[in-house]
Amino acid sequence: MNERRAAKRQRVFKAGTIEFDGSGVDCTIRNVSPIGAALDVASPIGIPHEITLNIASSHERQNCRIVWRKEKRIGVVFAH
């Protein structure tokens, strides 16, 4: 299998919140790299294209753009 990612991702299991339009959706961060992450969600329906990812354990907030969606997982790239 060919690796298509621009940067290697590290597997993690961290709690997070996807924030948009004054509301939040709980998520689990499954892997992360310097440029993006994969997030598990109950459902990607209703989550807009641009979000803020709040990582609870590190008190970090990251503006993101969704680049792919699957049944219960979304991939994001960090906005710079």
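Q: What do β2 and β3 form, and how many residues sit between them?
A: β2 and β3 make a hairpin, with three residues between them. Keep in mind that this is a predicted model.

Q: How many bridges join β2 to β3?
A: Four bridges, and the two strands run antiparallel. Strand β3 covers residues 36–40. As one example of the pairing, T28 stands opposite D40 in β3.

Q: Is D21 buried or exposed?
A: Exposed. The relative accessible area of D21 is 74%, so it is over the 50% cut-off for that class. D21 lies in the loop between β1 and β2.

Q: Where is H59, and what is its phi?
A: H59 is in the loop between β4 and β5. Its phi is near 50 degrees, a positive value in a residue other than glycine. H59 is exposed too, with a relative accessible area of 72%.

Q: What about S57, where is that one?
A: S57 is placed in the loop between β4, residues 50–55, and β5.

Q: How far apart are S57 and F20?
A: In sequence they are 37 residues apart. In space the separation is 20 Å, C-alpha to C-alpha.

Q: Back to strands. How do β5 and β6 pair?
A: They pair in the antiparallel sense over five bridges. β5 covers residues 60–69 and β6 covers residues 73–78. R65 has V77 in β6 as its bridge partner.

Q: What do the six strands make together?
A: A closed barrel, in the order β1-β2-β3-β6-β5-β4, with antiparallel pairing. On average, neighbouring strands of this sheet are turned by 45 degrees against each other, direction ignored.

Q: How many helices are there?
A: Zero, against six strands in the chain. From the N terminus on, the elements read β-β-β-β-β-β.

Q: Switching to side chains, how many aromatic pairs are there?
A: Zero in the structure.

Q: What sits over the ring of W68?
A: The charged end of K70, 5.3 Å from the centre of that ring.

Q: Now the whole chain. What is the radius of gyration?
A: The chain has 12 Å. A compact globule with 80 residues would have a value near 12 Å, so the two agree.

Q: What does the C-alpha trace span along its principal axes?
A: About 40 × 25 × 25 Å.

Q: What share of the residues counts as buried?
A: Of the 80 residues of the chain, 34%.

Q: Last one: what share of the contacts joins residues at least 24 apart?
A: That share is 44%, taken among contacts in the chain between residues at least 6 apart in sequence.

Key
Residues numbered from 1 in each chain as written. Predicted model: local features only at pLDDT ≥ 70, side-chain atom pairs only at ≥ 80, totals over all residues. Heavy atoms only, no water. Pairing = 2+ DSSP bridges. Axes fitted to C-alpha atoms, helices over the stretch in contact; angles between N-to-C directions. Phe/Tyr/Trp six-rings, centres within 6.5 Å; stacked < 30°, edge-to-face > 60°. Lys NZ or Arg CZ within 6 Å of the ring centre and 35° of its normal. Buried < 20%, exposed > 50% of the residue type's maximum accessible area, 1.4 Å probe, protein only. Rg over C-alpha atoms; globule rule 2.2 N^0.38 Å. Contact = heavy atoms within 4.5 Å.
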